[in-house]
Amino acid sequence: MILTVTPNPSLDRTYEVPALMRGEVLRATCDRMDPGGKGVNVSRAVAAAGHRTLAVLPLGGAPGALVAELLGAEGIEVAPVPVTGQTRSNIAVAEPDGTLTKINATGPELTAAESEALLTAVRAHSADASWIACCGSLPRGLGPQWYAALAARAHEAGARIALDTSGPSLLAALRERPDVVKPNVEELAEAVERPLKTVGQALRAAEELRGRGARAVLASLGADGQLLVADSGTYFGHARVEAVRSNVGAGDASLAGFLAAGGEGPGALAAAVAHGAAAVQLPGSVMPTPDDLDPAGVTVTADIPLDRVLTQPAEYAR
Ligand SMILES: Nc1ncnc2c1ncn2[C@@H]1O[C@H](COP(=O)(O)OP(=O)(O)OP(=O)(O)O)[C@@H](O)[C@H]1O
Ligand SMILES: [Mg+2]
């Protein structure tokens, strides 16, 4: 079973419009409502891949109830931790050229008791979990050490930890030796405090995170693909995509594909790339099903194109 933790889930509405114009009344050509949050996305994609998953998340108010209902309707098992604050609602506006404008709410502040209840809920289900995927930013009330505390407890329970977060909470958790971390190129640049312009620079940054404690790094490089840096070897994976519809959640789909395929080695990297490529061709944060995947379109190599300039390089400004 793959357990996911989403400390700051959301109710996500995506509107597709012909063009975004400030101050106008826009007619949506498509309108979706999805349970949101990075761990929630991972659970949805893991379930779509045919694996058992449990989503642990704090939920509050009417939006929280709707998130639970939508997940239930998708057949995803939820372990809700009730909180007093209201689960946030996020808005995304998608244009035909792929431009996405998002309005993300902050979300509720969790109390110390709620923070502890969330850790307890994870611990209660850890014994059944092969992987615990900790995903996304932390809500107010959870300090930057929260993922580190979770990783320490999960490791005691014998589960492996996959961590997809950024900033201080990523850095603080490295000392607990997470089994894999999945930064995108901006998150990687922020972690090493320098811009990343080439695949080789991203590789060196990933190696640095391993030096600071991460056992493996799955770095997603947007359109350029992904790098897996681990004791068992370093690999680069890539897939050609005809048309990008929405890159929201592509990283989450990738992590789900990686974990569902065992969470190590070139085969898992190929699954991660196949899931990312499929996700960007689907609207909103819709997660791919096996029918959406094109494994034949994926290439994985140990011959890393070090000098390749990234299509979307990461700037870093202190
Ligand atoms: N424009 C694109 N063209 C082709 N593949 C893409 C594109 N964008 C993303 N992908 C695929 O999806 C993977 C994950 O994307 P990305 O690096 O943007 O993750 P992310 O920023 O963590 O996303 P999120 O956090 O929104 O889920 C990439 O490594 C790649 O395989
Ligand atoms: Mg991401």
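1. In this predicted model, helix H6 (residues 185-192) and helix H7 (residues 199-211) pack at an angle of about 60°, and their axes lie 10 Å apart. Because angles of 65 to 115 degrees would count as roughly perpendicular and those under 35 degrees as roughly parallel, H6 and H7 are therefore oblique to each other. The crossing that H6 and H7 make is left-handed.

2. As for the residues involved, H6 contributes Val-185, Leu-188, Ala-191 and Val-192, which meet Ala-202, Ala-205, Ala-206, Glu-208 and Leu-209 of H7. Sorted by class, this contact of H6 with H7 comprises eight nonpolar residues and one charged residue, with no polar ones.

3. Turning to the strands, four of them form an open sheet in the order S3-S2-S6-S7, with mixed pairing. Strand S3 (30-36) and strand S7 (100-103) stand at the edges and have a single partner strand each, so one side of each is left without a neighbour in the sheet. On average, and with direction ignored, neighbouring strands of this sheet are turned by 20° against each other.

4. Within the sheet, strand S2 (residues 10-16) and S3 run antiparallel and are joined by seven bridges.

Methods
Residues numbered from 1 in each chain as written. Chains lettered and ligands numbered in written order. Predicted model: local features only at pLDDT ≥ 70, side-chain atom pairs only at ≥ 80, totals over all residues. Axes fitted to C-alpha atoms, helices over the stretch in contact; angles between N-to-C directions. Helix = DSSP H or I, 4+ residues; strand = E, 2+ residues; numbered from the N terminus. Parallel < 35°, antiparallel > 145°, perpendicular 65-115°, else oblique. Left-handed = near helix turned anticlockwise from the far one by under 90°. Contact = placed C-beta atoms within 7 Å. Nonpolar A, V, L, I, M, F, W, Y, C, P; charged D, E, K, R; others polar. Pairing = 2+ DSSP bridges.
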